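Welcome, and thanks for taking a look at this protein with us. Please have the sequence and the 3D view open while you read the notes below.

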Amino acid sequence: MPPADAPRARLVGADATRALATVAVIAIHAAAWPYAPGTPGKHFYDGVQLVVRFAVPVFVLLTGLVLGYAYPKRPAVGSFLKRRLRRSIVPWLAWVPIYLAFDLWTKQLVVHEVNDVIAWFQAGAGHLYFLIIVPQFYVLFIAWPRRHPWTAAAVAMAVQTILCTVRLYVPMDGYLEQYVTVWYGFLFFPYWIGYFAIGVALGGEPRISHKRIAIAVAAIAAIAGNALLVAKPLGGAVNAGFAEGTGAFLVPWMPLAALPIAALALIAGPSLLAHRPRLSRLTTLISDNSLGIYIIHPIILWEFGYATGAFFLADFLLAIPGFIAFIAIILALSIVATRLLSRTPVAITLGTTRR
């Protein structure tokens, strides 16, 4: 019998899910390149951006799953927070000035005025906003109930759904109300808490059945959930304008699309990779470098996108293979950049130690 403090076995299903979510994050940003307004492919790639938005909810679920699996008992607060915050707050602090400069002078998306820079910070500093969501769950996990995890998950998902529904359908008049709901609700853990709670519950039961019936049900649910996501049933939503972009992650029906995809990856991932060593190695590579890929890829995508963007304005049916290749190239370059930086003192800014 291994000692009580021995590291637990690696979760192949979690690796598969993390790799899938990482590719989906790249696809969200890459889908802005293949079309221009008025071209035939615009609506298609709008749909692509919606379908791959399962990525961030799945990352939140994985946060809970990994914590629930690694810490079956309540962790020591000091060492736990020190270790975990190095993978979130330190990278955020390190990369914020880099992306501020990049958005100011390269992308020119942030106007050179103080108010616009402040608004950029208020929104979490571009795509880096996820790095200030995760620490909230680290703190929450310390006090998370260990008994009846699935009851806690059901309550948490109900709370999340109610908050996301209120965000869309209830008029908000006060500045503070608007700030923490329609404008920047995505920065606060209550709007994601259901995914986290389900992840914690799964972490206590990592051996998920590989039965074909479970895979079939998850696949059907994923198709139905994503069809609903693309349909965007926003009738009567007074704040419908905030269901776009980052706000699309918080539509109340997002769990119907994201959870079945996570279930598919967690259930089918291990058996799919068991007899495919090359795919297994690639999955592990992406999973191990997922944080660096997430942080770095927008810069690589922007530069490479401008160099090749004209190709993606062609008829969208002909450009789909090119779009897939586009994502694959961005992923490969991001992995290389992450690996190279991980061999320098900069590794700490990617949430890892120098290799």
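## Briefing: helices and their packing

The crossing of α4 and α7 is right-handed, where right-handed means that the near helix is turned clockwise from the far one by less than a right angle, and left-handed that it is turned anticlockwise. This is a predicted model, in which local features need pLDDT of at least 70, side-chain atom pairs count only at pLDDT 80 or more, and totals for chains, interfaces and linings use all residues. Residues are numbered from 1 along each chain as its sequence is written, and side-chain values use heavy atoms, with hydrogens and water left out.

**The whole chain**

- The protein chain has 15 helices and zero strands; these are DSSP runs numbered from the N terminus, with helices being H or I of at least four residues and strands E of at least two.
- Of the 355 residues in the protein chain, 48% are buried. Buried means under 20% relative accessible area, exposed over 50%, and partly exposed in between, with a 1.4 Å probe and protein chains only.
- Among contacts in the protein chain with a separation of 6 or more, 81% are between residues 24 or more positions apart; a contact means heavy atoms within 4.5 Å.

**Helices α4 and α7**

- Helix α4 (residues 77-85) and helix α7 (residues 130-142) have axes that come within 10 Å and cross at roughly 160°. Axes are lines fitted to C-alpha atoms, for helices over the stretch in contact, and angles run from 0 to 180 degrees between N-to-C directions.
- That angle makes α4 roughly antiparallel to α7, given that angles under 35 degrees count as roughly parallel, over 145 as roughly antiparallel, 65 to 115 as roughly perpendicular and the rest as oblique.
- On the α4 side the contact is made by Val77, Phe80, Leu81, Arg84 and Leu85, and on the α7 side by Pro135, Tyr138, Val139, Phe141 and Ile142.
- The residues of this contact of α4 with α7 divide into nine nonpolar, no polar and one charged. Here Ala, Val, Leu, Ile, Met, Phe, Trp, Tyr, Cys and Pro count as nonpolar, Asp, Glu, Lys and Arg as charged, and the others, Gly among them, as polar.

**Helices α1 and α3**

- The axes of α1 and helix α3 (residues 55-70) are 9 Å apart, and the two helices pack at an angle of about 150°.
- α1 and α3 are therefore roughly antiparallel to each other, and α1 passes α3 in a left-handed crossing.
- Residues of α1 that meet α3 include Ala14, Thr17 and Arg18, while their partners in α3 include Ala55, Val58 and Phe59.
- The contact of α1 with α3 has eleven nonpolar, two polar and one charged residues.
- Thr22 lies in helix α1 (residues 12-30) and counts as buried because its relative accessibility is 4%.

**Two loop residues**

- Ala125 lies in the loop between α6 and α7, has a positive phi near 70° although it is not glycine, and is buried at 1% relative accessibility.
- His148, in the loop between α7 and α8, also is a residue other than glycine with positive phi, here near 55°. His148 is exposed, with a relative accessible area of 54%.
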